[in-house]
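Subject: Structure handover

Hello,

Here is the structure you asked for.

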Amino acid sequence: MAPYVQLVIGPAGCGKSTYCNSIQQHCQSIGRSVHVINLDPAAEEIAYQLSADVRELISVSNVMEEMKLGPNGALLFCMEYLEYCIDDWLSEVLQGYDDDECVLFDCPGQIELYSNHSAFRNIVESLHAWGWRLVAVYMLDSQFITDGFKFIAGCLQCQSAMMSLELPHVNVLSKVDGFVDKSVLDLFLKPEHMFLAHNLQDPVCGRFSNLTRAVSGLLDDYSMVFFHTLDISDEQSLADLLYTVDNTVQFGESTDVRTSRDVES
Ligand SMILES: Nc1nc2c(ncn2[C@@H]2O[C@H](COP(=O)(O)OP(=O)(O)OP(=O)(O)O)[C@@H](O)[C@H]2O)c(=O)[nH]1
């Protein structure tokens with residue numbers, strides 16, 4: 001299989017860097033070659049082994065100081081600068097990968113980058129033009145399921161990224177190690193948003209019930225947002241997710257619900 005890029009995206013704090021670190025460790029333990037490139041100019045401490053780091057090119061802290069911008073403005077400036085320098089920096093960073101290798105991009109947590117800002121989309125188009133196959137791994141914190149409104153909003157953001165980036169997507173509910181009874185997740189893997197919306201009883205958010213139902217209806221009509229789960233404390237969970245991502249790159253869809261265990265048996 002030719003090398004490919006996983007774009008690891010999703011809201012702030014959803015577990016993107018932890019995913020990159022866990023996949024890297026898992027791949028090392030099975031003797032598979034995987035590289036992680038940090039594309040987050042605001043990253044602070046990084047636990048995984050870096051193959052390249054956008055902060056060598058530009059960082060949010062420097063832009064904030066020099067341009068007198070706030071953190072969000074500085075982040076958007078950095079991504080536009082990365083887009084501007086893409087042929088000088090990213091194309092060089094991506095030289096020399098072998099066919100069976102996989103490169104993870106640990107991306108920023110500003111979700112507007114994936115829905116309505118052009119820089120990231122243009123970076124994706126450059127990667128396509130250089131012949132790279134791409135898959136987006138969209139992470140959503142599984143704690144969102146404890147608040148139905150938050151979960152529906154998270155799904156809307158996820159769908160928006162899917163429609164904007166037009167890539168094969170694997171959507172992941174992260175941090176499921178926090179759930180003692182993982183069967184509670186089942187309702188949310190192939191969510192019926194209208195059903196969820198009907199069961200929301202919050203008196204404050206009830207004021208927005210028509211809006212919630214309209215958004216839920218939209219999500220159900222498109223029927224694009226499904227989730228896999230990730231438990232980083234479980235090697236089998238990591239193996240299953242990696243298998244799903246590999247298959248999604250190969251076949252261009254994220255609906256394969258088989259796992260690596262099914263293939264072995
Ligand atoms: N229990 C548990 N905690 C996790 C998991 N993934 C991430 N965390 C914790 O969640 C916090 C944020 O994780 P990160 O991996 O930094 O999240 P991120 O999406 O890269 O964050 P940003 O780069 O700020 O957008 C950290 O405190 C992690 O330790 C997980 O699978 N399980």
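Predicted model: local features only at pLDDT ≥ 70, side-chain atom pairs only at ≥ 80, totals over all residues.

Residues are numbered from 1 along each chain as its sequence is written.

Confidence

The model scores ipTM 0.98 and pTM 0.92. The protein chain has a mean pLDDT of 89, with 92% of its residues at 70 or more; pLDDT is the predictor's confidence in each residue, from 0 to 100. Within the chain, confidence is highest in helix 1, at 97, and lowest in helix 12 (residues 260-264), at a mean of 43. The pLDDT is below 50 over residues 255-265, a stretch that has 9 contacts in the model beyond near neighbours in sequence. Two residues are in contact if their C-beta atoms, placed from the backbone, lie within 7 Å. Helices (H or I, at least four residues) and strands (E, at least two) are DSSP runs, numbered from the N terminus.

Ligand shell

The ligand is surrounded by 14 residues, and the closest are Gly15, Lys16, Ser17, Thr18 and Gly109. A residue counts as near if its C-beta atom, placed from the backbone, lies within 6 Å of the molecule. Helix 1 (residues 16-30) gives the largest share of this shell, 3 residues. By type, the shell holds 3 nonpolar, 7 polar and 4 charged residues. Here Ala, Val, Leu, Ile, Met, Phe, Trp, Tyr, Cys and Pro count as nonpolar, Asp, Glu, Lys and Arg as charged, and the others, Gly among them, as polar.

The 7 strands of an open sheet follow the order 3-2-4-1-5-6-7, with parallel pairing. Strands pair if DSSP finds at least two bridges between them. Strand 3 (50-53) and strand 7 (228-229) are the edge strands, each pairing on one side only.

Two helices pack on this sheet. Helix 7 (residues 148-165) touches strand 1, strand 5 (133-141) and strand 6 (169-174), and its direction makes about 170° with that of strand 5. Helix 11 (residues 235-251) touches strand 1, strand 5, strand 6 and strand 7, at about 140° to the direction of strand 5. Axes are lines fitted to C-alpha atoms, for helices over the stretch in contact, and angles run from 0 to 180 degrees between N-to-C directions.

Strand 4 (residues 102-106) is largely enclosed by the rest of the structure, because 5 of its 5 residues are buried. A residue is buried if 20 or more other C-beta atoms lie within 10 Å of its own, exposed if 12 or fewer, and partly exposed in between, with C-beta atoms placed from the backbone. Cys102, Leu104 and Asp106 point one way from strand 4, and Val103 and Phe105 point the other way. Strand 4 runs parallel to strand 1 (residues 4-9), joined by 5 bridges, and pairs in the parallel sense with strand 2 (residues 34-38) over 5 bridges. Leu104 stands opposite Gln6 and also opposite Val36. Cys102 is the bridge partner of Val34.

Loop residues

Lys68 is not a glycine, yet has a positive phi of about 55°. Lys68 is found in the loop between helix 2 (60-67) and helix 3 (71-84), and is exposed, with 9 other C-beta atoms within 10 Å. Glu166, also not a glycine, has a positive phi of about 55°. Glu166 lies in the loop between helix 7 and strand 6 and counts as exposed, with 12 C-beta neighbours inside 10 Å.

Regards
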